[in-house]
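Here is a set of questions and answers on how terms are applied to one model. Each answer sets a value against its definition.

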Amino acid sequence: MIVQVLGLFARRLLVAIPILFVVSALVFVVLRVLPVDPAAMSMPPNATKAEIEMKRQEMGLDRPLPEQYAIWLDKTVKGDLGSSIHFRRAVSSLIAETLPATVELALLAMLIAAALGFAGGLLLFHLRGTWRGEAADLGSTVLMSAPDFLWGLLFILAFGVLWPLLPFTGRLASSFARPVHTGFLLLDTLIEGRPDMFLDVVKHMLLPATALGLAFSVPIMRVLRSSLYEIDHADYIRQARLRGVSEGRILLRHALKNAVLPTLTLMGVQFGFLFGGTLLIEVIYSYPGLGNLMVDAVRNADLPIIQAVALAYAAVVLIINMIVDGLYLVLNPRLRTV
Amino acid sequence: MRKRPMRKELSFLRSGRVTAGAILVGIVLICALFAPLLAPHDPQEQNLITTLTPPAWSTGGDPTYLLGTDSLGRDVLSRLLYGARVAMTVAVAASLGAMLIGATLAHLAGYFGGKVDWLIGRAVDVWMSFPPVVLSLVLMTGLGAGISSVILAIVLVDWTRFCRVLRAEVLVTRRQDYVAAARLVGFSHWRTLTREILPATMPLLITLFSIEMGIAVIVEAILSFVGMSVGANQSAWGQMIADARQTIYESGWNLVLPMLAIFVTVLGFNLLGDGLRRTLDPRLAQAREL
């Protein structure tokens, strides 16, 4: 089975790499039609025209677009993402700092989305055909109309301002010295052996992760509910019912196992969207991740960062899709036969 | 536990969705169309003496400012009404554009298959590898701030939503006998597509369109929240939220009201879409009769 999963990864990589090329070219072209001049922006305001022109040549902006792209691609493949115009630092180090924060947040949010989604899906199915079921169904449509950032703002107002229960800015209280090992604070605080710090990190992540998780749990609920619906008519479920197996046992032991696969596929797609959703949640919670870096870069027209961060998002989404497909292969025995 | 069959009287909860959604969307649309008539104040008029007034019904409220004022003393109600204009303009224009591109490509891909399908499929793959928010931010950087850029960005990002779902539907429809019959009778490709296939995919198209309008409202709010949509001389809901965030400790209302406006609008579109899907989809209608 491991061979099969590795084979799948290899095949997916063959697809993912050209996609990344096209993605990078696309971003490159879009950003080059920009009305602002990155050379002029990186110079002090009193720079002369000649000085700006020199900078343009130095940055390679005077060359034709395909050549510029080739140079950029060559550097990127070698791991040199250029340096930020605004922060005056290497883009690769900025991304290395922020990416773990975002991944950590997205993972926790996905966990919350999965937990809520499964609980909600089972509940919706359990209540099917009753007026409560109809009400719950309507409730899920209502829930779906509140996007993640509205939940985020509502949580800040409710649990941060009106009823100050949890912190809502940053990743860690400023009284703690930030440990630097992997960049994943949940991991780093454990490496340091500081449960108090770990708890503080969790507290900081709780509101943004729940806001994201809640918004993404609704589609999971609905798909789980409808695949349970379909399976409910399967022969083996009727058989079980005829044998007098209790409804609860049928649901948990027989139906859920088979209904989980379509739900998992959806969760893979959802995780990609959720990863994008971190962007605004990070801005709202001043959480120092990729999203905040991106929005800052957009505001400053900091092209090297925008390019690199957009590529980082795309790369993560492709990796997520790959992992989900691998997981699907592991969990679905029907796909495993040669 | 035995399930009680759903009573007939309660089935309105299902068809009622369309009505409820249409009413909500209708209200927002009226607000948008008649904002200049309905708004009690100029939405840009600042009054630095009466800043952050709470809504009229709470203590310290001023009846001339029904929903209170913001941090610059601007009337919140008027700003909300004018914000509806921006939201609805973007929702209608962007969804139409995304639908036109997405549906056309989906029909071409599903109908002709082969190379056309491969090419369009790969384009969708590339687009889907971007989180939508990230792609729209990149596009906005290239296009520059402004409401027309917002519309264009949403069209360029969200056509894939139509394309993916509709392509599958076209594939199914294409294999129907009546489509083959139409070709045998001598219908051209164009005529087969528009007369035979399009009517079959229409219900899904309408549903997707309604849902997309809700998404467009959200995206516009996001982009105006980060300051990339309308300019400072116009009001948009996302921008109001961004402003209110600065004074969250002084006034929660300023934050809640535009949030509520976004929520109600999106709910309206979602109810409409969900209800239409249930009433227009013959498979679902059949399942209900069983």
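Q: What share of the contacts in chain A between residues at least 6 apart in sequence join residues at least 24 apart?
A: The share is 72%, where contact means heavy atoms within 4.5 Å. This is a predicted model, in which local features need pLDDT of at least 70, side-chain atom pairs count only at pLDDT 80 or more, and totals for chains, interfaces and linings use all residues. Residues are numbered from 1 along each chain as its sequence is written, chains are lettered from A and ligands numbered from 1 in the order in which they are written, and side-chain values use heavy atoms, with hydrogens and water left out.

Q: What is the corresponding value for chain B?
A: In chain B, 70% of the contacts with a separation of 6 or more are between residues 24 or more positions apart.

Q: Why is B:Phe34 called partly exposed?
A: Buried means under 20% relative accessible area, exposed over 50%, and partly exposed in between (1.4 Å probe, protein chains only). B:Phe34 has 39% relative accessibility, so it counts as partly exposed.

Q: Where does B:Phe34 lie?
A: B:Phe34 is in the loop between helix 1 and helix 2 of chain B. Helices (H or I, at least four residues) and strands (E, at least two) are DSSP runs, numbered from the N terminus.

Q: Which residues form the nonpolar patch on the surface?
A: The patch consists of B:Leu29, B:Ile30, B:Leu33, B:Phe34, B:Leu37 and B:Leu38, with about 600 Å² of accessible area together. Helix 1 (12-33) and helix 2 (35-38) of chain B are the elements that each give two or more residues to it. Helix 1 gives the most, with three residues.

Q: What part of each chain counts as buried?
A: The value is 49% of the 338 residues of chain A, and 51% of the 290 residues of chain B.

Technical notes:
Patches are made of residues with over 30% relative accessible area and no salt bridge: like charges are joined within 9 Å, nonpolar side chains (Val, Leu, Ile, Met, Phe, Trp, Tyr) within 5 Å. Accessible areas come from the Shrake-Rupley method with a 1.4 Å probe; for residues, only the protein chains shown count as cover. A salt bridge is a side-chain nitrogen of Lys or Arg within 4 Å of a carboxyl oxygen of Asp or Glu.
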